[in-house]
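Hi,

Here is the structure I promised to pass on.

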Amino acid sequence: MKPIDLNIIGAKGAIAEEAEGKWGMAIDEDLCTGCQACVAACAMENNISFVGEEDAAYGRTMHWIRIERFWEGEYPDVRTTSFQPMLCQQCGHAPCEPVCPVFATVHSQADELNLQVYNRCVGTRYCGNNCPYQVRAFNWRDYERPEPLNNQLNPDVTVRQRGVMEKCTFCIQRIHQAEDTAKSEGRELQDGEFDPACAQACPADAIVFGRVDDPDSKVSQLSRQKRGVKHLEDLATLPRITYLKES
Amino acid sequence: MAFKNHIEETHGEQHLRQKHLMLDPKPRGEMNAMVMEAMHTTTWKFWVVVALLSAVVLFGLFWSWGILIAEGMGVAGVNRPSYWGIFLVNTVFWIGISHAGTFISAILRVFKAEFRRPFTRAAELMTTFGLIQAGFSIFMHMGRVWRMYWLMPYPNQRLLWPNFHSPLTWDLLAITTYLLSSTMYLYLPLIPDLAMARDRTKGGWQKIFYRVLALGFRGTEGEWKHLRSAMNIFAWAIIPIMFSVHTIVSWDFAVATRPGWNSTIFGPYFIIGALHSGMGAVIMVLAVVRGTMKNMKYFIRPEHFEAIGKLMLIISMGWAYFFFNDFIVQWYGGDKWTQTLLHYHESGPLGYLWFFMLFVNIVIPWSVLWNKRWRSTPWIVFIVGLLINVGMWIERYIIIPISLTINRSPFTWKLYQPGIEIPLGIGTVALFILLYLAASKLIPLIPVWEVQEGQMAHSLKKYGRESVVTVSELE
C-alpha cells in the first residue's frame with residue numbers, strides 16, 4: 001500500500017474509515033483477575049514515575065494501564081462487573097491528535113500508532129481533555145524515584161520531564177527490537193514472537209497482542225469472536241483494542 | 001458663559017444642561033486643564049493602593065509563577081480528568097472582560113451613539129489590559145512555558161510548524177490579532193490628546209514621552225482627515241475581529257469530544273457572555289474613576305451609567321436566552337453522558353454555584369436595572385457589575401473544571417480543587433488594576449477632543465417654547 005500523509009487536510013477521515021490498523025490487542029475480561037501485574041510491569045518497562053500517595057489519591061496517577069473496577073448497589077448487595085484493563089486504544093481516528101497545537105501528538109505512518117513526542121510537548125493538556133478513554137498521563141512534577149528504583153530504569157525508554165504528556169506506546173521499543181532482530185536474521189516477524197510488558201506479565205494470558213492486519217494471528221482470531229466489543233465505539237475513534245466479555 | 005445662549009435660560013434648559021455632558025460645554029482650555037489636573041493630582045492614598053497592588057503582583061503573580069515553573073503543574077489543582085482548571089477559566093474571563101472595551105468603543109462609535117464620548121478611552125484600555133492578563137493566564141497554564149515560542153509559526157531549520165488543525169493555534173493567532181488591533185485602535189484616538197498633553201507639559205521626561213507618542217500631531221485639517229479615516233477603518237474592522245476571537249475561544253471547547261462542551265451554540269453564547277461580564281467591568285471602572293479622580297464628576301454623569309445600565313439589562317436578557325438555548329437542546333438530546341453532566345451541574349457537590357450564577361447573572365440585573373433611578377446610581381450599578389462578573393467567572397468555572405469532572409470514563413471522575421491558581425488569579429486582577437492606575441497618571445483617561453467635538457455638534461434649539469436637542473453631523 002502506498003504510504004499516505006495523514007497530515008494532509010481531509011486525508012485523515014477518509015483513510016481512518018478503512019484503516020484496520022497494524023498492531024492491536026485483545027483483552028479478555030472474563031480471564032482478567034484484576035491482579036495488577038500488567039500495571040506494575042508497564043511501570044517498570046516504561047520508566048513511569050511514582051507519584052506518591054497524596055497525588056495518586058488526587059487523580060494524578062501516571063500509569064499507562066489501569067484496572068478499572070465498577071460495581072452496582074451498596075454493600076452488602078454489591079454486584080461487581082468484571083475487571084477492565086484500560087490503556088491507550090491507539091485509535092485509528094484519535095481525538096487527541098488534531099487538538100495538539102505543536103504536533104506532539106502524532107500518528108505514526110510506519111507503525112500506525114499514536115505517538116507522543118515528549119520533546120515537542122509544551123503541556124497544554126488538550127489531548128488529555130479530548131481523550132474519551134482518559135488514558136493519557138501528565139507529568140505533574142519531577143517525581144523522585146525512591147532507592148533502589150533509580151537503578152532499574154529501562155535504557156530503551158526515555159525519562160520524561162515535568163510538564164509533558166505521556167501515554168502507552170504499545171511498548172514500541174519492543175516492537176522495533178523484534179522487527180530489527182527479524183530483519184537481521186532475514187525473516188518475517190512471527191506472530192507471538194514478542195509481547196508488550198503488560199501482555200508478557202499477565203498470568204492469565206488475558207492480554208493478547210499482535211498484528212490485527214494478519215487474519216491468521218491469534219489477536220485477529222480472538223477479536224473476531226462474538227464476545228468482542230470495542231470501547232466507546234459510537235465515537236468513531238476506531239480503537240485497536242477489542243475487549244472480550246460474555247454479556 | 002460665552003458658549004451659552006444670551007437669552008435667559010428656562011428651568012428646563014438648565015436641567016437638560018446639567019444632565020447631559022454634551023449640552024454643558026466648557027471652554028476648550030478649561031476642559032483641557034481639567035483633564036491635565038485629573039492626571040496630575042495624586043494623593044497619598046493613590047500611592048498606598050499602588051504599593052499594596054505591587055506587593056500583590058510581586059507575590060501573587062511573579063513569586064507564585066516562579067514556584068509553578070520550578071515545581072511543575074503539581075502545585076496547581078489540575079488533575080485527571082480536570083486537565084484544565086482556573087488558568088483557563090481566567091483566560092476566558094479576561095478575554096471576556098476585554099471584549100466590552102472594544103464593543104462600547106467601536107460599535108457605539110460606528111453607530112454614532114453620542115453618550116459614548118467621555119468613556120471610550122476607559123473602555124479601550126480595558127481591552128488591552130484585559131488581554132495582557134489573558135495572555136499571562138494562558139502561559140501559566142502551560143506545562144512547559146519556556147517552550148511557548150513553539151506555538152508561534154516561525155521559520156526554523158527543522159521545518160516544524162504549529163498544528164493548524166488545533167483550536168489552540170487558532171486561539172493564539174486570534175488573540176494576537178486582537179491584541180495588536182485593539183492596541184492600535186486605542187492609540188489612534190489617543191494621538192490628539194497626547195498632543196494636547198504635550199503642549200501643556202513643561203519639560204521633564206513627560207514632555208519627551210508625549211512628544212514621541214504624539215507623532216508630531218498639530219491638529220491641521222489634513223492630519224484630522226487621515227486620523228478620522230484610520231479610526232473609521234479600525235472601528236469597522238475591529239467588530240468582526242472581536243466576534244471572531246471569542247467564537248474561536250469557544251471552539252476550544254465546542255470542537256472537543258466532551259459531553260457538555262460539544263455544543264454548536266457555544267460561539268454566540270460565549271460572545272454574549274463576554275459582553276455581559278465586560279459591560280459589568282466597564283461600569284465598575286467608570287464608577288471608580290468618577291468617585292476617585294478629580295474633575296471626573298463633570299465628565300462621567302449619571303446619564304452614562306443609565307445608558308450602560310440599559311445595555312447591561314439587554315445583554316443580560318440575551319445571555320439568559322443563549323444559556324437557555326444551550327441548556328434545552330443538550331438536555332432534550334438525551335445523550336447519557338450529557339444528561340449526567342447537566343444533572344451534576346445542578347445537584348453535584350458544587351450545585352450551589354450553578355444556582356448562584358443564574359441568580360447574579362439574570363435575577364439581579366433584571367430586578368435592579370429596569371429602574372431608571374437605580375441604574376443611574378453609580379454605587380448600585382457598581383455592585384451589579386461586580387456580581388455579574390463573579391457570576392460570569394463562575395459560569396466559566398462550571399464550563400471548565402466542573403464539566404471536566406464528568407466524562408465518558410466514570411472510573412476517573414474526580415473533583416477539582418484549586419491550588420496555586422488562586423494567588424496567580426488574584427495577581428492578574430491586581431496587575432490589571434495597577435496598569436489602569438499607571439495609565440490614569442500617564443495618559444488622559446477622558447478623550448477630550450471627542451467630548452469637545454460632541455459638544456460642538458450638540459445645541460439646544462427653541463421651537464416656540466419647546467427646547468429641542470439637535471445634533472449636527474460633523475464628519
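Before the notes, one definition: two residues are in contact if their C-beta atoms, placed from the backbone, lie within 7 Å. Keep in mind, too, that this is a predicted model.

With that cut-off, let's start inside chain B. Chain B is divided into domain 1 (1–40 + 445–475) and domain 2 (41–153 + 220–444). Across the boundary, 19 residues of domain 1 of chain B are in contact with 20 residues of domain 2 of chain B. On the domain 1 side, helix H2 (28–40) and helix H18 (448–457) of chain B each supply at least two residues. H2(B) gives the largest share of that side, six residues. By class, the domain 1 side has 12 nonpolar, three polar and four charged residues. The centres of the two domains of chain B, taken over C-alpha atoms, are 34 Å apart.

Still in chain B, there is a helix pair to look at. Two packed helices are described by the angle between their axes and the distance between the axes. For helix H12 (residues 302–333) and helix H14 (residues 351–368) of chain B, the angle is about 145° and the axes are 9 Å apart. The crossing of H12(B) and H14(B) is left-handed. H12(B) brings Met312(B), Leu313(B), Ser316(B), Trp319(B) and Ala320(B) to the contact, and H14(B) brings Asn361(B), Ile362(B), Pro365(B) and Trp366(B). Sorted by class, the residues of this contact are seven nonpolar, two polar and no charged.

Now for chain A. It has eight helices and 12 strands. Its radius of gyration is 18 Å, close to the 18 Å that the globule rule gives for 247 residues, so chain A is as compact as a globular protein of that length. The C-alpha trace of chain A spans about 55 × 40 × 40 Å along its principal axes. Buried residues make up 41% of the 247 residues in chain A. Of the contacts in chain A between residues at least 6 apart in sequence, 64% join residues at least 24 apart.

How do the chains meet? The contact takes 33 residues from chain A and 33 residues from chain B. On the side of chain A that touches chain B, the elements that give two or more residues are helix H4 (96–99) and helix H5 (126–130) of chain A. H5(A) supplies the largest share of that side, four residues. The classes on the chain A side come to 17 nonpolar, nine polar and seven charged residues.

Most residues other than glycine have a negative phi, and most peptide bonds are trans. The peptide bond from Tyr75(A) to Pro76(A) is cis, with omega near 5°, and Pro76(A) lies in the loop between strand S3 (71–72) and strand S4 (79–80) of chain A. Glu147(A) and Pro148(A) are also joined by a cis peptide bond, with omega about -5°. Pro148(A) is in the loop between strand S8 (137–138) and strand S9 (165–166) of chain A.

As for positive phi, Asn47(A) has a value near 55° and is found in the loop between helix H2 (37–45) and helix H3 (52–57) of chain A. Leu159(B) has phi near 55° and sits in the loop between helix H5 (120–141) and helix H6 (167–187) of chain B. Are these two residues buried or exposed? Asn47(A) is partly exposed, because 18 other C-beta atoms lie within 10 Å. Leu159(B) is exposed, with 6 other C-beta atoms within 10 Å.

Cheers

Terms used:
Residues are numbered from 1 along each chain as its sequence is written. Chains are lettered from A and ligands numbered from 1 in the order in which they are written. This is a predicted model: local features need pLDDT of at least 70, side-chain atom pairs count only at pLDDT 80 or more; totals for chains, interfaces and linings use all residues. The radius of gyration is taken over C-alpha atoms; the globule rule is 2.2 Å times the number of residues to the power 0.38. A residue is buried if 20 or more other C-beta atoms lie within 10 Å of its own, exposed if 12 or fewer, and partly exposed in between; C-beta atoms are placed from the backbone. Ala, Val, Leu, Ile, Met, Phe, Trp, Tyr, Cys and Pro count as nonpolar, Asp, Glu, Lys and Arg as charged, and the others, Gly among them, as polar. Domain bounds come from an automatic or database domain assignment. Axes are lines fitted to C-alpha atoms, for helices over the stretch in contact, and angles run from 0 to 180 degrees between N-to-C directions. A crossing is left-handed if the near helix is turned anticlockwise from the far one by less than a right angle, and right-handed if clockwise.
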